Structures are given as structure tokens and as C-alpha cells.
Amino acid sequence: MTLLADLARCVPAERLLTGTAQRAAFASDALTSFRAAPLAVVLAESGEEVVEAVRACHRHRVPFVPRGSGTSLSGGSLPVEGGVVIALNRLNRVLAIDRESRTARVQPGTINAAVSAAAAPHGLRYAPDPSSQSVCTIGGNVAFNSGGAHCLRQGMTSNHVLGLRVVLPDGELVELGGGSLEVAGPDWVGTFVGSEGLFGIALEVTLRLLPQAESVRTVLAAYPGLEAAGDAVSRIVASGLLPVAMEIMDALAIEAAEASVKPGYPDAPALLIVEIEGEREVVEADAKTLDALIADSGASEVRATADGAERALIWKGRKSAFSAVGWLAPDYIVQDGVVPRTRLGAALSEIERLSAACGLRVANVFHAGDGNLHPLILFDGAQPGALRVAEELAHEILRMCVRFGGAITGEHGVGMEKREALAELTAPEDLALMHRLRRAVDPLELANRGKMLEVAA
Amino acid sequence: MTLAADPIDTVREALLDGGGVPVAGGTKPALTGALDVSGLRGILEYDPAELTLTALAGTPLREIVTALAEHRQYLPFDPPFVDAGATLGGTVAAGLSGSGSHRHGGLRDFILGVRFLDGTGRLVGGGGKVVKNAAGFDLPKLMVGSLGRLGVLVQVSVKVFPLPEAWGTLRVQASDVRDAVALMGRLATAPFELEALDLDPPGTLLLRLSGPRATLEPRLRALARFIDRPATVEDEAVWHGARELDSASLAKVALTPHALAGLDDALGAFPRRYARGGHLAWVAAPPGELDALLRERGLGGVLLRGSGGPLLGVRRGGAFAARIRAALDPDGRFPEI
């Protein structure tokens, strides 16, 4: 029996896509510079169908790629040429919300924002908030340990996953973790989260929920330069305050946001967004401390608000920054690197130098509280060689992050995009261990082959 | 900063000479033939402005807590057994978080990087020293709760937080365990950001708030009104018992609030205490009996003191666990999990 015939036994014919045009719709994700044509796309509607599809792929030794909404910025859901895509969007049910335990059990195709929407009537919310939260799915968040502006205090996806039902790459089912915040024995859940699909597919996910904050206050401050904005962040950290988010945007990123979603930002070389939340009395007390710090930090303009609509507009400008730079240049690369927070200033100067040296403009948006940079490299792909120069600049920025003692990705993952960077910038013995772990779980390297790690054979 | 090679080599040689060797840190009496890692001691990097700290695994938590306190910072996962001499590596290997983890999360939420010797003596690691790192598999989390059976921890990096200005504790008297669990259920969706929520059964709840000093009195009053049970404000000293649990036999159990009352009924006269809003139980019971009792309820635990275990009750991970373990310890030098 051929693989296609085998897959046809897993799902009804209308949910097994084999036509050229149908398959083309799945050929790429948010990292559009890579494309690959899958042999077939399976639109699964149940966990059992996913398991059967995985087993069929394993029998035929054909690689498979799980896919949600395809928002990966690192090419994490790029198909393997001639492989199978297992689409999980239709597994989108919130199975249970448990108020007392503060947990939600969801299917992997559930949209990130839908979890908070389902939890809201219970006074609860799901904290991780990647910029793509209105479309990206929990399965993808789990695979790539997605972050977001608010992970400064609340943590990444991994800090909010308690239990998983997983189909391993050979079709075997395992239960990892459960409904408790406490773990007895090795943290298998923590080991699976962020494995970029290489350890299998999550079929059910138990998430930790948090109570909705009683009070939130967002402060927007304009500065004459990035250095002054960065100094303000250092002072806030030194003061002992623990904001839930601290974001900086530079002039080019502000210009892009204004050109697209028009958040009405002050016209300035640098903007700082700080958000604090918690019990009303605490937010009031912290706001006094924060206001005094900002007033003394050389800001040219300060806006503070607790109003929901105003806060939403401030965040809309920030969260749309990636797509907004499309207004400034025909093409761009979103980079994601981490430096120690105290090296932020030096890192930005270095990016400026590298940018000038190669003649490409770079817009900077970053999670200043945790040193997570997102340089947006602008270029025109129609110019011969421009893509190569942009990629070289992106790579130089990663080398700098490692030189400064940081990391090559803070929240987008390695995927296709940073496979070579991971291989170049990881100690050989640590990289070898990753390969050993991968092959122990998936000797045939079928699950999301070619992401994170180069294929051995 | 690079590590001095000697203490690591010493541990590696002992590992390769041994076979099925347990690892001993600070709190356990020296086991015969145990791998001694006490030479791996000292804070390697601590920059208060970064809110991160890196130390050798055998460093006593006391040294770390003291160094952090000098800069008004702390370990928000509130590790227990600091006074008893617990080490950073032992705390990671046992996977221990204390009552204070109710608000900001447990040890798994604060570990950033690890270096360890795998079963073949190779020094390997993952994660890093920065607060965000999504590059490669999450080996730091794999080491949390690994019980010395997946690697010998050499070095650990953690995230730290600024110390709150002040604390306030409310002792509340519920009528019994079920009343206490019902109260915890109401608190779960209330806007109070409790730093700790413990239950000393049958009905004594301890609730801790932290934050700016001036906010504590009104918040404690609002909390007492919300709970509507007899309540008294307590001194910080009441938490000492939760951090230094003292008994010859001790296990931790991963729990859910829904399973709490049933477990409590079954535990009869055995001493126990609940923390993290009903997600964690500390139990002093004969390991064999506790193992059977947890199994019946589909719960899992870890024996911290006493002979047997170390895992009790239901085990998770199945084939995934077996494959990861085979990659880290192909020659079977570490004891079975």
C-alpha cells in the first residue's frame, strides 16, 4: 500500500489534500523566504486521526510536519519536500476550564487568545501573549515555547504548561505531567515544551491560568534617544519594581507603527512602554514609585493610563510593529536574539554600526526588561544580492548576542532559520547531546525533520 | 568565568569508577558509596542588575540566599531546607519549591541554565545565563526533579527577583478540611495576589501577602473580609515550620485541590501539610504505605527522607522518559528512576 492510500484510511477523502493548489497553500509559514511542497496535507479533526496519520508516516518512513496557523517566524512549520503536513487547526476545542485548580485543558489547534476568552467568565486568563495571539495556536506555542511582551514577570509558554498527551514520532502515546503545578520526578513536560515538534505532537494540553489582574496601569514615555530609554529601564529594575512588561521602540519602529495602525505615539527617537498590574493598592503604590522614576529619567513626554481603550491602542502599535515595517520597505527580516540586560546599550550601538556598514536600515523593537532584541532588517529583495546582505547582517547580530553572553533566540525558536547559527554557536558537546536526544526519541528523524537540527543522514 | 577543572574531574572519576551511584549533597547523611559533590561549591556569577545568578551545584542555598539578600533580592520559588544545609544542586535534583512559589511559580519557572555530567562522564549542558533562551531542547527543566538519575549537576543558573518591601500573614480558621478547600477554591479566582497559601489540616489556612509596606494593612483587612472566618494577623516566624519540615520520613506529593480532601482522609494520623493552594503536599508516612495510597488515587510523589522510592505512586513519562534516559545514560551508571 502506498502512503497516500494508507493516509486515505485515516481521514475522509475531503480532508486529505493532494491537489497542487491545495498543497501550495501550505508550502510556507510566516518565514516566507522558505518554501517546500508537501506530498499531502491531512486535515485532522481528532486526536485519533493524528495518531493514525503519524503511524502511517512511520510505517512508510516519510517525514511529517505538524502545523497550526503557520505563524512561525523561524520557519518551524515549513513542510518537508515530499513529506506530510498534519494540520491541527480543527482540533480547536477548549475541553475544560477548572476554576479551583486554575487550569484549562485544550486541544492543540486552539487559538491562544481563545483560551483567555474561555477563561474570562471565571475571572481567569492565560498569560503568555505572543504578538500573533489572535491567530497562533497553543500547539505551536508549546512546540516553540513562545514568549510575548508580558513574559517579563509571567514567564514563557513553558511556565504555563502542566500536562500533555503526546503522540511520539513512532505513534506511541504518552501522558506527561498532569493537572498539578507541582511535578514529582523529572519534568518531562518541561522537556517536551520548546522541542520544536522534534519529540512528537501534543494532542491535549493542560494550561495554567492566572486570576485576571484587579488593576493595570500602562505608562508610555518618549525619550531623546535609545540610551536614555535604556537607562530608565535600568533604574526601574534597580528600584525593586517588578513590571509585567517593559518595551522599547526606536524611531523607525515608531514611524512604521504610525504608518500602519496609527496608535498616536509621540514623535520621538525612542519610546518606552512600562506596564504594572496587580491588586489595586499595590498598583497605586507602585505607580507613584514608577512615576517618580520616569519623571526623573529625562523623558520628553509621558502618558500614563489605566483606561482599557487607551492601553489597547498603545499595545496595538507595539504588537503590530513587525508587520508594520512592511510599510517602510518591500522586504524585511525579523531577528530575535537575547543579550544580558545590562549590555542592551552596547548591543544597540553595535547593531547601529553593523547596519551602517552594510547600508541596510534596521528598526528596533525589544523586550527591554529581559534583553530580548527584535531588530527588523529592511531591504528590497528585488535588488540583486540584497537578501544575502540582509541575512549576513542578521547572522552578525546573532554572533554579537553570543559574544555578549546571550542567546540566539529568545522566543521565536531555531526552526529552519537558525539551524546553522545553532550549529555554529553551540558548544560541540552540547549540540551532540541534542542530536543524541533527538535520535533516542525519533531514530528515523521523521518528526519535523530538518528543524532546529541538521538531519544526520 | 571558567570552572576550575579539578573538582569536576574528581566527581567524574568517582562516577566512572562507581556504577549505580546515588549523589549526595548537603542534607542527607553521607550514604555509603555516594558520589560526593561537596567540592563543587561557590557562586560563579551574580550581577544584581541582571537579576540572574550562577553557582556550582554543591553551593549551600544559605550562601546564595545571603548573597542575594545583600542586594535586596531573593529566590521567589522559596526553596525549603535552607537552614538544614540544602544545596542548589540537591534542590534542583529533588525538584523542591516552597510555599512562596504560589505566586510567581516554582523552581522550574526560575531555572535558566545547567551544566552536568551525563552517564558517560561527558560535561554537557543547556540553557544559559540570560532570562530568555529558546535555543535547543530545554535541558534545565529536564534536570529539575531528575533525582541524580539523568546527570550529576555541576552548575546551575537561576533567575532572581527583587525582594518585596514587606510581608503580612493571615491565619484563618476553617471548620474542617473540606471547608478549607472550598475557601481555597473561592480564593483561586479572587484578585488577591497571595504569595503563599498553605493548609495545616484540618482547618488552619495560612495566607501571605507581600508588597509595599503601606499597602499591607488595608489588603489584609480586605482579605479577612472576603474570607469571612475567624482570622488573626501573624508574624513571619509562622513560616519557619513550612520551610524546615522536620521528620525522619518525608515525601512531597504533586496534588490538585480536587484530590486534597480524599488524600487527607486516607492519610489518617500521618503528619502532613499542604502548600501552593492545594497543589503540593508534604507527608510523613511509611513509604510503602504512601506509595500504595498515592497509586490508588492516581497521584505521584517523591520520597525525600526515609528508605525506598525515590518515586512514589503513579509514574509519568512512559516511553518518552525511557528514551531520554537511554540517551543520557546509555551504560546504566545511574540508578533506575
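A: With that, A:Asp250 touches A:Leu226, A:Pro269, A:Val362, A:Ala363 and A:Asn364, not counting residues up to four places away in sequence. Bear in mind that this is a predicted model, in which local features need pLDDT of at least 70, side-chain atom pairs count only at pLDDT 80 or more, and totals for chains, interfaces and linings use all residues. Residues are numbered from 1 along each chain as its sequence is written, chains are lettered from A and ligands numbered from 1 in the order in which they are written, and side-chain values use heavy atoms, with hydrogens and water left out.

Q: Where is A:Asp250 found?
A: A:Asp250 is in strand β13, residues 245-250 of chain A. Helices (H or I, at least four residues) and strands (E, at least two) are DSSP runs, numbered from the N terminus.

Q: And is A:Asp250 buried or exposed?
A: A:Asp250 is buried, at a relative accessible area of 8%. The cut-offs: buried is under 20% relative accessible area, exposed is over 50%, and partly exposed is in between, using a 1.4 Å probe and protein chains only.

Q: Switching to confidence: what does chain B average for pLDDT?
A: Chain B averages 91, and 93% of its residues score at least 70. That score is the predictor's confidence in each residue, from 0 to 100. For the complex, the predictor gives an ipTM of 0.95 and a pTM of 0.95.

Q: What about low-scoring bits in general?
A: Where pLDDT is low, the predicted coordinates should not be read in detail.

Q: How much of chain A is buried?
A: Buried residues make up 61% of the 457 in chain A. In chain B, 62% of the 337 residues count as buried.

Q: Let's look at helix α11 of chain B; how many of its residues are buried?
A: Helix α11, residues 318-328 of chain B, is mostly covered, with 8 of its 11 residues buried. Among them are B:Phe320, B:Arg323, B:Arg325 and B:Leu328.

Q: What covers them?
A: The cover includes β9 (173-177), α7 (188-192) and α16 (428-441) from chain A, plus β6 (111-117) and α5 (139-143) from chain B.

Q: You listed B:Arg325 there. What is B:Arg149 in contact with?
A: Leaving aside neighbours within four places in sequence, B:Arg149 contacts B:Arg325, along with B:Pro310, B:Phe334, B:Pro335, B:Glu336 and B:Ile337. B:Arg149 is in the loop between α5 and β8 (152-159) of chain B, and counts as buried at 15% relative accessibility.

Q: Which residue does a cis peptide bond join to B:Pro310?
A: That would be B:Gly309, with omega about 5°. B:Pro310 is in the loop between β17 (300-305) and β18 (311-313) of chain B. The bond from B:Pro201 to B:Pro202 is cis too, with omega near 10°.

Q: Last topic: what is phi for A:Met452?
A: Phi is positive, about 60°, although A:Met452 is not a glycine. A:Met452 is in the segment after α16 of chain A and is buried, with a relative accessible area of 1%.

Q: And for A:Asn145, what is phi near?
A: Phi is near 45°, a positive value in a residue other than glycine. A:Asn145 is in the loop between α5 (138-144) and α6 (151-154) of chain A, and counts as buried at 8% relative accessibility.

Conventions:
Contact means heavy atoms within 4.5 Å.
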